[in-house]
Amino acid sequence: MMAAVCALAAAGAQAQGQAAVGRIGFVYTERLMTESKLAKAADAKMQAEFSKRQKQVDDMVQRFKSAREKFDEEAPKLTDLDRTRRTRELLDMEKDMQRMQREYNEDLFQRKNEERAAIAQKAFKLIEQVAEQEHLDVVLQEAVWTSPRIDITDKILKLLDK
């Protein structure tokens with residue numbers, strides 16, 4: 001990224017003596033991934049797709065907490081053998097709960113990445129199209145600060161929402 005900025009600055013300095021000056025555009029890609037209709041539709045689709053599994057994970061966590069609380073109350077009254085058996089059962093239940101949570105999170109993360117990749121692919125084509133139409137030499141997606149004058153994010157959002 002820094003190399004691109006340095007190269008751009010060098011090209012700008014070189015072009016000062018020439019008639020042609022490079023044109024720059026900027027896109028806030030995170031806005032495309034959160035504000036576009038495609039992104040909102042993808043979020044709703046994933047919510048529907050994963051809500052049942054989320055409920056299963058929540059139920060498992062609640063069952064574990066209840067079992068743990070019950071064990072903590074009854075532990076002093078249990079024999080050593082029963083306490084050891086119940087401790088083992090709780091550990092197994094906790095492992096199952098953690099595995100279920102991990103699998104859920106991994107699957108959700110993978111689906112989010114798939115949806116974001118599809119949006120990014122569409123957005124990239126639109127960015128190229130706008131860049132060609134407006135005769136931009138470069139379109140950046142990361143910067144510490146940009147002038148609103150070069151920000152083409154709203155144009156891309158409008159095109160993406162069509």
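**View 1. Secondary structure of the predicted protein model.** The protein contains five helices and two strands, taken as DSSP runs numbered from the N terminus (helices H or I, at least four residues; strands E, at least two), and along the sequence these elements follow the pattern α-β-α-α-α-β-α. This is a predicted model, in which local features need pLDDT of at least 70 and side-chain atom pairs count only at pLDDT 80 or more, whereas totals for chains, interfaces and linings use all residues. Residues are numbered from 1 along each chain as its sequence is written, and side-chain values use heavy atoms, with hydrogens and water left out.

**View 2. The crossing of helix 4 and helix 5.** The axes of helix 4 (residues 80-133) and helix 5 (residues 153-160) come within 10 Å and cross at roughly 120 degrees, with axes fitted to C-alpha atoms over the stretch in contact and angles running from 0 to 180 degrees between N-to-C directions. In helix 4, Ile119, Lys122, Ala123, Leu126, Ile127 and Val130 meet Ile156, Leu159 and Leu160 of helix 5, where contact means heavy atoms within 4.5 Å.

**View 3. The buried side of helix 5.** Thr153, Ile156, Leu157 and Leu160 are the buried residues of helix 5, buried meaning under 20% relative accessible area with a 1.4 Å probe and protein chains only. These residues cover an arc of only 100 degrees around the axis, which puts them on the same side of helix 5; the arc is that of the directions from the helix axis to the C-beta atoms. Their cover includes strand 1 (24-26), helix 2 (29-35), helix 3 (37-74) and helix 4.

Terms used. Buried means under 20% relative accessible area, exposed over 50%, partly exposed in between (1.4 Å probe, protein chains only).
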